Amino acid sequence: MKELTADDIKSYADKYCSSKFNKVAQRAVTTNGIYKAAEDMNAIDRDGNSNFSFSIDNVSIGASNQNKSGRCWIYACLNTLRQHMIKTYKMADDFELSQNYLNFYDKLEKSNYFYENVIRTAKKPMDDREVWYIFATPQQDGGDWCLVCALIDKYGVVPKDAMGETSCSITSAELNTILNRKLRKDGLKLRSMVASGSSDDEISTVRAEMMEENYRILAIALGVPPCKVEFEYRDTTDKKEFHQCGPLTPHEFYKDFIGEDLNDYVILMNVPDVDDMPFGKLYTIEDSGNMVGGRPNLYLNEPICELTKAALAQVKDGIPVWYGCDVLQQFDREKGIMDLDLYGFNDLFGTDFNFRKGDMFSTRESLPTHAMVLAGVDLQNGEPVRWKVENSWGDKIGKKGYMVMSQAWFEEYTYEVVVNKKYLTDEQKAAFQTEPTVLPFYNGMQPTK
């Protein structure tokens, strides 16, 4: 073992103090912080990063805002669907679908899913790695494309004015804390019942009582989801016609006003250079669902050029693309720019921070942490150089809530895109018909907890 000695530290300090460059860098960082000191204005101004002009620019709709919650995956999906509605029915660009409606059922279903996993693993010790994982976060805000599709399949959608935001949906920490406290206590009781030999009927009765309590907690915090909605809007045509529909169930509303078959959309994933995740294979992840009987998360791992090709084809056809990425890497939130050259950390610290995407994934340096929407693209000689990105952080970032992402950033930090099957190759379509390889629950593609 190599102990750090006083002589080692003196050597480091002497070498540091001998460099004028280090003193300049120290003044810049201690005065301005690391990111401001490292930001490269040339990267902000070059290639049109700051002018938000795109050769293919699908309709711009009003920015949505997930506020202090982790519901980006729900927002990104509903933003793709509302864009379809706004285009088709000539609606005002600030129209939104209710994120809170799906949020309510997501938390209710995740509670039941937690109980199912607790009972399934009840004979394992509490310090078992999977049991620890299940109890560490019984439910949370995060998710993925297949999970929001499962919610829509089962519960439909409603307009935002039918179930708006509440204090507990806007800032979700309080609700998550109180609900998880109850779920952990419930989980211990269920484990005890299994250990004592309680019958399935006895466990089912207690579980039903627990779920009734969970519904009450969620209804108090988020409101009661509507069973039917009246839908009214005035279109943006010259006639400004008024439209009134309903009452409609959430499924009827989805069928009548959206009608998109979500089974037609699949996830292409890019995680390169990881031994147990070769390209061309279909994967799923254990313990990654949000409901009993819901959709499994299915990912086809492909080279990044295949994700680019499919996403570009869909955007060219005017269809937005849900995608998952590591948004906080090389990102200026205020300006709304994602570019690999945005921050010169290597130059500032005299250290090489770069390593391969697969290695970043394996070491948890970079993971899919956020979902947004590809809403446009800028082409040069037919190839994408920059993408227009619709976020869900309000209209104060970038240009009214929209951001610019370079193609190089897309390649380095994008992990998944959701595209219609018609944009896949025959080989990719066939891969989605194969039995998926099950990755362990601790894999980095596990929906964010």
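Analyst: In strand 4, Y265, I267 and M269 point one way while V266 and L268 point the other, and all are buried. Here, buried means under 20% relative accessible area, exposed means over 50%, and partly exposed is in between (1.4 Å probe, protein chains only). Helices (H or I, at least four residues) and strands (E, at least two) are DSSP runs, numbered from the N terminus.

User: Before we go on, what kind of model is this, and how are its residues numbered?
Analyst: This is a predicted model, where local features need pLDDT of at least 70, side-chain atom pairs count only at pLDDT 80 or more, and totals for chains, interfaces and linings use all residues. Residues are numbered from 1 along each chain as its sequence is written, and side-chain values use heavy atoms, leaving out hydrogens and water.

User: Back to strand 4, then: how many of its residues are buried?
Analyst: Five of the five residues in strand 4 (residues 265–269) are buried, so this strand is largely enclosed by the rest of the structure.

User: Which strands does strand 4 join, and how do they run?
Analyst: The general idea is that two strands pair if DSSP finds at least two bridges between them. Strand 4 is joined by five bridges to strand 13 (residues 414–420), and these two run antiparallel. Y265 has N420 of strand 13 as its bridge partner. Strand 4 also has three bridges to strand 6 (residues 299–301), and that pair runs parallel. There, M269 is partnered by N301 of strand 6.

User: What do the two faces of strand 2 look like?
Analyst: Strand 2 (residues 229–234) has V229, F231 and Y233 on its covered face, with E230, E232 and R234 on the uncovered one. Strand 2 runs antiparallel to strand 3 (residues 242–248), joined by five bridges, and V229 stands opposite L248 of strand 3.

User: How do I check the length of a helix?
Analyst: The expected span is 1.5 Å times one less than the number of residues. Helix 5 (residues 72–89) has 18 residues and reaches 25 Å from first C-alpha to last, close to the expected 26 Å.

User: Is helix 5 enclosed or open, and why?
Analyst: Helix 5 is largely enclosed by the rest of the structure, because 14 of its 18 residues are buried. In helix 13, the buried residues include I304, L307 and A311.

User: What should I know about backbone angles?
Analyst: Most residues other than glycine have a negative phi, and most peptide bonds are trans. Here are some cases to find in the model. Q330 has a positive phi near 45° and sits in the loop between strand 7 (321–325) and strand 8 (331–332). N381 has a positive phi near 55°, in the loop between strand 10 (370–380) and strand 11 (383–390). Q330 is buried, with a relative accessible area of 10%, whereas N381 is exposed at 82%. For the peptide bond, look at G246 and P247: their bond is cis, with omega about 5°, and P247 is found in strand 3.

User: How do I read a pocket?
Analyst: Rolling a probe the size of a water molecule over the atoms shows where empty space is left. On a 1 Å grid over the protein atoms alone, a pocket is an open set of points where a 1.4 Å probe fits, with protein on both sides within 12 Å along at least five of seven lines; lining residues have an atom within 4 Å of a point. The largest pocket is lined by 22 residues, with Q330, Y343, F345, F353 and N354 nearest its centre. Helix 14 gives the most to this lining, with four residues.

User: Finally, how do I judge the whole chain?
Analyst: Start with its secondary structure, which comes to 17 helices and 14 strands. The radius of gyration is 24 Å, close to the 22 Å that the globule rule gives for 449 residues, so the chain is as compact as a globular protein of that length. That radius is taken over C-alpha atoms, and the globule rule is 2.2 Å times the number of residues to the power 0.38. Buried residues make up 52% of the 449 in the chain.
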